[in-house]
Amino acid sequence: VNRIAAYATYVPRPALTREAAREAWPQMAMPGSSRTVPSLDEDSLTMAAQAGLDALEAGEIPGERLSAVFLATSTSPYMVKSGAAIVADYVNAPSHANVTDFGAGSHGGLVALLSALRDGPLAERGPILVLATDAIFGPANDPSDLGFGAAAAAFVVAADGFAALGAFDYGYSSYSYSWRPSGDSELHRYDDERFERTAGYGPQMKASLKRFADQLAREPDRYALSLVPGTRADTLGVPAEKLVGAELVAAVGDSGCANALLSLAVALREASAGETIAVQAYSSGAGTASALIAMEREWRAPQPPPHERVELSYLQYAKHRGLLPLTKLPSFGAPYGASPGWERSKHASVGLHAGRCRACGSLNFPPRAYCLDCRGQEFEAVPLPRRASVLTFNLQYVVGIAPEEAPLPICTALVDGEPPGRYGGKVAALVTDANVNEIEIGTPVELVPRRGDVEEGLVKYGWKFRPRVGAVG
Amino acid sequence: MAGLPVAVVGAGMIRFGERFDLSYEDMVVGAYRACLDSVEHGIDEDRLEAAWLGTCIGSMIRQETVTGAALAEPIRFFPRPVTRVENACCTGSDAVRNAAFAIAAGVYDVVLVVGAEKMRDIPSRDSLVRQTSVMFHEWWAPRGATAPNRFGQFATAHMGAYGTERRHMAMIAEKNHHNGSLNPHSYFRREVSCEQVLAAPIVSWPLGLLDCCPTTDGAAAVIMCRADLAKEFTANPIYMLGSGLATDPLISSWKSEFTSFPATRAAAAAAYKMAGIGAADVDLAEVHDCFTITELITYEDLGFCDPGAGKDWLDAGGPMLGGERPVNTSGGLKAKGHPVGATGVSQVVELWEQLRGEAGERQVQDARIGLTHNMGGIGTIVLVNVFGSERPA
């Protein structure tokens, strides 16, 4: 029986608060307290990669062991090109992994998780990484935009774990209240809430919950459901004290594919052994998926302290969500090299593959034929440690990009990995999500997946440093 | 110098700077003629058997492959051999080194070296900023790297390790601008004060605008020959005594340290050994002050002072005109300018004037031994050439 073996969630730091939104749109009320939005160098895939890396680390599962990477999103940067494969690069999945994309609707995350939990033969080959991620926007002048959000959740499914799948249920309805046409970046909806009230989210969730409950021997202890900010438990027919995640959704907004799974993560964190959790996700125009998750034993994900929220003005929010055009982000690869060089180096540059010298232990990144420190020629392929500390830095005021593209000054740090060789064990990267005035020699930092520039519509994914919250320098 | 002794019998350059008025070919011709004019007894141009052309950025900005023909054609040198040299900011110095080696090896008797660079045919913002995208190596360039970025990180580390302050770097800019104001070949012939340097806009903290050398047009040329032929051309030749070239990792995050450039120490050791001298024997030096911090660290790496003591040596006036060992009497890259391929050759022009006692207000008293120092990349490749006024035994 497949089980959930680890999980992690990721919520980007930038947020638009109800107050900031009101300054731009006095007549529109934000349903929650805030909505999140990716940083300028983030997207659905970098958020998923971050959650995935954290989940694998929490479960102490090397990416090289994965049998599959399932990714669900309705907001991939690509119409045609696998987002799952990009995240698979980040987590170093092996080349024979089943790398599959789910999505097209916001219940895609749970559908992907169910697919993993129900595929015994696949999990026998190795753990499955399930990712659910979205960054959703509506038309700027429509109140719906203020209720959406951005987040990602990751679950590792393996033959051994702590929470197993019980009953499950699927429901289908093409009835649609909201949709996003091809080529459009905003979710449209009928400007008539009767569509939702009479036959959409509430009624469908309620109907499928009832159908699902009929399969269950006893009432679940917790409910992790697709929620929109402000949803009341009684409208879904669920006891208020058993509903989890409402607080999170009110701060994050409706994060699409990640929505119900963020709540599942909250429920898993709170639940004791023996408890059951009903998780249900809804997608307008697609239907529902439901599952009962039974906690067989407790498993506490190592929770890093939450990163400080960055409250945006509406003008900043407009830049973050692309209402004001920005030009390119800094490149992660030499532009002269264009695509061949980028593709050749991706294994090391996105997968963070390093070579640890078998003779002297020095970490060579990117890998080299001769060890930088001792000229050894035998290496063990290892992922570069993601945590390090600043060796030196500078604050860059003149760069080949316009100031709006990345807030200046840009801070570039060199860090030493563990264990540092004399030459090896160091990486250079931009710093992101930081108050640059807090960067000093010795500041603890971690590598985080981020976007670089875009060439021919292809995003160059790579890594930046972010100060480690709670770490002591 | 290993092999046959080598002399410099002529050296000349055009005024460095914003030379919108001159094409690349115009600059090559200008430097060549200035060099010919400097040969006191004159020289039959047919005596020049071969030439080396140092040009680096040219191929990037001109978007063409630069060959030796870029020198052979404008001065009607063909069909004689011209080797084009490119080695980042060591380009000019390496052209000098290789020309000298050809003489030392006994292959040629009299040769020409020209360094030339046309950097300002694009807007200045492009020429600085584009370096983000064209710096050599897919693992070097990424992540927002520019030259001021990487040297700025050395400045931060040096400040952290030794208590060096931005004020010390500003003193170097002030000194080099003062020297440049005395040099008719200099791009910037005006003084700047430490206060102005510190108040200038920040480019890459801790480096401000006046800590950075300018992108520059320019060309310089020298004529070298077998030492035993030198007196045919001039009563006062100078001699190349030694040369050292050293390398360090290309990827800047692979440096073994961030407060020193090991390649400078290695290149200097090799050059001193070949010349049979020590750092104490050097009377003056033209060093690579692409950024003020580079010059400060170079004092330490060349052995002019102890590691970490660059700031104290500055406070004591060591590198100033009239100081213990004047550095960058020409104004250096900072004030004279840095047309990459021409820079190393123009440093020989300064030593030519200094070691012959012809440097006017910039003259270092009793200058007998001088060195040139160039650094490519971020201490990735360093070249030190040593020259003296007396023919080696």
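Which residues of H1(B) are buried? I looked them up and found Tyr24(B), Met27(B), Val28(B), Val29(B), Ala31(B), Tyr32(B), Cys35(B) and Leu36(B). Buried here means under 20% relative accessible area, exposed over 50%, and partly exposed in between, with a 1.4 Å probe and protein chains only.

Ground rules for my notes: this is a predicted model, where local features need pLDDT of at least 70 and side-chain atom pairs count only at pLDDT 80 or more, while totals for chains, interfaces and linings use all residues. Residues are numbered from 1 along each chain as its sequence is written, chains are lettered from A and ligands numbered from 1 in the order in which they are written, and side-chain values use heavy atoms, leaving out hydrogens and water.

**Helix H1(B).** Helices (H or I, at least four residues) and strands (E, at least two) are DSSP runs, numbered from the N terminus. I checked the length of H1(B): its 14 residues (24-37) should span 20 Å at 1.5 Å a residue, and the end C-alpha atoms are 20 Å apart, so that agrees. The expected span is 1.5 Å times one less than the number of residues. Next I looked at what covers its buried residues, and the list includes S1, S2, H3, S4 and S7 of chain B. H1(B) lies across S1, S2, S4 and S7 of chain B, at about 40° to S7(B). Contact means heavy atoms within 4.5 Å. Axes are lines fitted to C-alpha atoms, for helices over the stretch in contact, and angles run from 0 to 180 degrees between N-to-C directions.

**The sheet.** I traced an open sheet of 9 strands in chain B, in the order S3-S2-S4-S7-S1-S8-S11-S10-S9, with mixed pairing. S3 and S9 of chain B stand at the edges with a single partner strand each, so one side of each has no neighbour in the sheet. Two strands pair if DSSP finds at least two bridges between them. S2(B) and S3(B) run parallel, joined by 4 bridges, and Ala51(B) has Val82(B) as its bridge partner in S3(B).

**Between chains.** I also found S18 of chain A pairing antiparallel with S5 of chain B over 2 bridges. Leu395(A) has Trp205(B) as its partner there.

**Thr294(B).** I found this residue in helix H11 (292-301) of chain B, buried at a relative accessible area of 0%. Thr294(B) touches Phe151(B), Phe261(B), His288(B) and Met375(B), not counting residues up to four places away in sequence.

**Cysteines.** How many disulfides are there over all chains? I got 0, taking a disulfide as a pair of cysteine sulfur atoms within 2.5 Å. For Cys305(B), the nearest cysteine sulfur is that of Cys290(B), 17 Å away.
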